[in-house]
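Student: Please take me through the salt bridges here. I would like a close look at that one part.

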Amino acid sequence: MLSWLRTVGWVVCVVYSTIPLFWLMIHPRAHRWRERRGSPFCVLVPAWILTWAAVGGLTAPWRHVALYSTAWSWVPAALLFVAGVFIYSRAGAHFSWAQLGGLPEVLPGHDEQRLVTTGIRARVRHPVYLGHLCALLGWTVGTGLVVCWALTGFAIVTGPVMVRLEDAELEKRFGERYAVYRERVPAVLPRLRL
């Protein structure tokens with residue numbers, strides 16, 4: 001059972017760790033994707049799947065190397081999964097599926113442009129990224145695999161780049177309102193209030 005969970009965890013970590021790469025395929029060239037005829041997802045999704053294959057191929061030789069091996073590691077992992085699901089549900093509360101999927105960025109005619117600063121977004125600007133981090137950490141802690149810890153490290157290092165670029169894009173889109181919001185609300189990790 002643990003072997004099966006570790007394999008699933010490795011695959012999930014490969015996919016989650018490539019989210020910043022997928023994001024970077026879209027956002028810096030969003031205007032070009034909007035100008036394109038046909039759906040850009042016909043190119044973007046296969047390209048993303050190729051990154052999964054590349055990262056999977058690079059990490060496959062180490063997918064069985066574990067820092068630790070205990071069923072108890074799934075207890076904190078379960079807590080991280082629950083936190084991730086909770087955060088995902090809150091993050092989607094004021095957004096359409098099209099917005100969550102990034103359609104307004106790449107498809108013409110999806111011009112929903114509203115700045116949401118209520119709900120979970122009153123505590124963190126990018127709750128979806130926090131949900132991703134919880135899920136990724138859940139699999140990493142649960143499996144104890146060295147490769148999952150490395151992929152999580154990669155996601156943690158590339159995440160701030162993604163946040164900075166997205167913040168710049170949102171400030172361009174919403175102006176001073178976003179700049180004020182950005183100053184007031186942390187990016188991914190909420191402030192602890194005692």
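Tutor: Start with a term: buried means under 20% relative accessible area, exposed means over 50%, and partly exposed lies in between (1.4 Å probe, protein chains only). This is a predicted model, where local features need pLDDT of at least 70, side-chain atom pairs count only at pLDDT 80 or more, and totals for chains, interfaces and linings use all residues. Residues are numbered from 1 along each chain as its sequence is written, and side-chain values use heavy atoms, without hydrogens and water.

Now the pairs. Side chains of opposite charge can pair when their charged atoms come close. A salt bridge here is a side-chain nitrogen of Lys or Arg within 4 Å of a carboxyl oxygen of Asp or Glu. The whole structure holds four salt bridges.

Take arginine 182. Its side chain meets that of aspartate 167 at 3.6 Å, N to O. Arginine 182 lies in helix α10 (residues 176–184) and aspartate 167 in helix α9, so this pair ties together parts 15 residues apart in sequence. Helices are DSSP runs (H or I, at least four residues), numbered from the N terminus. Aspartate 167 is buried, at 1% relative accessible area. Arginine 182 is partly exposed, at 29%.

Arginine 182 also forms a salt bridge with glutamate 171, with the closest N and O atoms 3.2 Å apart. Glutamate 171 sits in helix α9, so this pair links parts eleven residues apart in sequence. Glutamate 171 is partly exposed, at 30% relative accessibility. Arg125, Asp167, Glu171 and Arg182 are linked in a network of salt bridges.

Methods: Helices (H or I, at least four residues) and strands (E, at least two) are DSSP runs, numbered from the N terminus.
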